[in-house]
Amino acid sequence: MADQHAQSGEDKRPSETPAIRWEELPEGPVLVLLDQTRLPAEEVELVCTDASALVEAIGSLAVRGAPLLGIAGAYGVALAAARGFDVEDAANALAGARPTAVNLSVGVRRAKAAYEEETAKSGDPAQGARAALAAARQLHREDAEASARMAEHGLALLDELLPGGGHRVLTHCNTGSLVSGGEGTAFAVALAGHRAGRLRRLWVDETRPLLQGARLTAYEAARNGMAYTLLTDNAAGSLFAAGEVDAVLIGADRIAADGSVANKVGSYPLAVLARYHHVPFIVVAPVTTVDLETPDGASIEVEQRPGFEVTEVMASQAPVTGAGTGTPVAPLGTQAYNPAFDVTPPELVTAIVTEEGVVSPVTADALAGLRGKVAGA
Ligand code: MRU
């Protein structure tokens, strides 16, 4: 079950309302999410008392972004265990809530393994539940640490590739503190550049159809006092042509063993533009996003989303009918093609920045060097 708490004023910074938190209430533990579908208009918290509410929140993108999905998945298992639900069922439902971001299943697996190991050892599911929660908390902390290290490595790389300073960076989708235990992935690099006085401009793609760039990245950039400009996704070409982009920084939902990168739909066209205009295309992602079990880009499952997200603006799904609730912008009955992600081949990626360092050039051999640091590898 999910409940809603509207508890923030307009002037509250996002850092004061964490994207996710665990709370112990007298009636039992809950997982509290900042509902990202309501931003930037209002900061509303969504309170999940069971895994099925979390599965729904993941599907509606109330909680989203690869690293945060991993953290949410782990807490979801801990919640099911703590409330005495079937942990296996909850883990399966959570891992299947969205297919592309590998972090989700990594997080679910970690918490479930902790639960099973401790329950088997102690014979006490309550101790297993505590172990699952400890695993979720650890993943949450590790993600914050990874975020800080990615920011360092990423800014050093930008400085090396663009020695003149005054970086003008284009980004797509949302990759900041709303998707992370820390300050995010690609956005964290831009933020580090801003703090060091070396970010001249952050170009923010609006990111159709669900406007994660306009609603969330612009929100985070504004709250951090960054110099940013919002553009429609299809304005990026003319921006490159005008020589206004020094580098592209994006996150990733899954990186296959050959270095193919699945990220928010619209990333691949940016990579093609970047190559044509001789601009570095840099992917920033924690090692939890690298999936050495997926051999190549063609093997990555790309989530297909409902058509109403394209045929309507500001659409969400009505609870009972499943219909869109937005403003129609296409004739009734129009078919829509709505993949949530696309896949960029490794040859278009200048570098992948992880907390373990920079992989460049992006090759299967270089990524295999992360083996042992990648979950499940
Ligand atoms: O559909 P979303 O909003 O979950 O997509 C998110 C993205 O594509 C992000 O760029 C990706 O998860 C990397 S976040 C660090």
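User: What makes Asp253 count as buried?

Analyst: A residue is called buried if 20 or more other C-beta atoms lie within 10 Å of its own, exposed if 12 or fewer, and partly exposed in between, with C-beta atoms placed from the backbone. Asp253 has 30 C-beta neighbours inside 10 Å, so it counts as buried. Keep in mind that this is a predicted model, where local features need pLDDT of at least 70, side-chain atom pairs count only at pLDDT 80 or more, and totals for chains, interfaces and linings use all residues. Residues are numbered from 1 along each chain as its sequence is written.

User: Where is Asp253, and which residues does Asp253 touch?

Analyst: Asp253 is in the loop between β8 (247–250) and β9 (254–256). Helices (H or I, at least four residues) and strands (E, at least two) are DSSP runs, numbered from the N terminus. Leaving out residues up to four places away in sequence, Asp253 touches Ala66, Thr100, Ala101, Ala262, Asn263, Thr289 and Phe341. Two residues are in contact if their C-beta atoms, placed from the backbone, lie within 7 Å. An unreviewed UniProt entry also annotates Asp253 as "active site". UniProt positions are in the numbering used here, feature names are shortened, and annotations may be inferred rather than shown by experiment.

User: Why is helix α6 called largely enclosed?

Analyst: Nine of the 10 residues of α6 (residues 186–195) are buried, so the rest of the structure largely encloses this helix. Among them are Phe187, Val189, Leu191 and His194. The buried residues of α6 pack against α5 (125–161), β5 (167–171), β6 (199–205), α7 (212–223), β8 and β11 (281–284). After α6 comes Gly197, with a positive phi near 75°.

User: What makes α1 roughly antiparallel to α2?

Analyst: The axes of α1 (residues 51–59) and α2 (residues 66–82) come within 9 Å and cross at roughly 160°. Axes are lines fitted to C-alpha atoms, for helices over the stretch in contact, and angles run from 0 to 180 degrees between N-to-C directions. Angles under 35 degrees count as roughly parallel, over 145 as roughly antiparallel, 65 to 115 as roughly perpendicular and the rest as oblique. That crossing angle makes α1 roughly antiparallel to α2. In this pair, Ala51, Leu54 and Ile58 of α1 meet Leu69, Ala72, Gly76, Leu79 and Ala80 of α2.

User: Thr207 and His278 each have a positive phi. Which is buried and which is exposed?

Analyst: Neither is a glycine: phi is about 70° for Thr207 and about 60° for His278. Thr207, in the loop between β6 and α7, has 24 other C-beta atoms within 10 Å, so it is buried. His278, in the loop between α9 (267–276) and β11, has 7 C-beta neighbours inside 10 Å, so it counts as exposed.

User: How do you know which peptide bonds to call cis?

Analyst: Look at omega: it is about 5° for the cis bond joining Leu39 and Pro40, and near 0° for the cis bond from Ser360 to Pro361. Pro40 is in the loop between β3 (28–34) and β4 (44–48), while Pro361 is in the loop between β17 (357–359) and α11 (364–368).

User: And what makes the protein chain as compact as a globular protein of that length?

Analyst: The chain has 11 helices and 17 strands. Its radius of gyration is 20 Å, close to the 21 Å that the globule rule gives for 377 residues, so it is as compact as a globular protein of that length. The radius is taken over C-alpha atoms, and the globule rule is 2.2 Å times the number of residues to the power 0.38. Of the 377 residues, 52% count as buried.
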